[in-house]
Amino acid sequence: MSQFENVTVLKNANFYFDGKVTSRTVLFADGTKKTLGVMLPGEYEFGTDAKEIMEIQAGELEVLLPGASEWLHIQGTGEFTVPANSKFKLQVKTPTDYCCSYIAE
């Protein structure tokens with residue numbers, strides 16, 4: 001899906017890691033939520049409350065998922081899922097465009 005129809009976009013941006021990671025929240029009529037953002041090169045660790053599906057639209061990064069011993073490399077496009085109530089690490093190599101979907105379970 002390259003665009004979203006009939007959504008609400010919150011005007012205030014989310015800033016993390018001194019502005020090196022930013023996103024905007026998109027709310028859907030059915031109550032689901034996504035964020036669209038950009039990550040600049042750097043190393044980051046995020047925590048999750050809900051299950052998340054991260055879709056990489058463009059960029060290059062490596063992700064270390066909870067319980068994994070090897071980093072997953074994504075160049076160009078890709079996707080990974082993070083369980084609820086966990087932490088994951090990112091090594092972002094180039095500016096990276098992403099869409100994060102929050103999954104209620």
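**Aromatic rings in a predicted model**

Let's start with Phe-80, which is buried at a relative accessible area of 3%; buried means under 20% relative accessible area, exposed over 50%, and partly exposed in between, with a 1.4 Å probe and protein chains only. This is a predicted model, where local features need pLDDT of at least 70 and side-chain atom pairs count only at pLDDT 80 or more, while totals for chains, interfaces and linings use all residues. Residues are numbered from 1 along each chain as its sequence is written, and side-chain values use heavy atoms, leaving out hydrogens and water.

Phe-88 is also buried, with a relative accessible area of 2%. Phe-80 and Phe-88 form an edge-to-face aromatic pair, 6.0 Å centre to centre and with 65° between the planes. Rings of Phe, Tyr and Trp (its six-membered ring) pair if their centres lie within 6.5 Å; planes under 30 degrees apart count as stacked, over 60 as edge-to-face and the rest as tilted.

In total, the structure holds 6 aromatic pairs. In one of them, the ring centres of Tyr-16 and Phe-46 are 6.0 Å apart and the planes meet at 80°, so this pair is edge-to-face. It links distant parts of the chain, as Tyr-16 lies in strand β2 (residues 14–16) and Phe-46 in strand β5 (residues 42–47), 30 residues apart; strands are DSSP runs (E, at least two residues), numbered from the N terminus. Tyr-16 counts as partly exposed at 36% relative accessibility, whereas Phe-46 is buried at 17%.

Note on methods
Helices (H or I, at least four residues) and strands (E, at least two) are DSSP runs, numbered from the N terminus.
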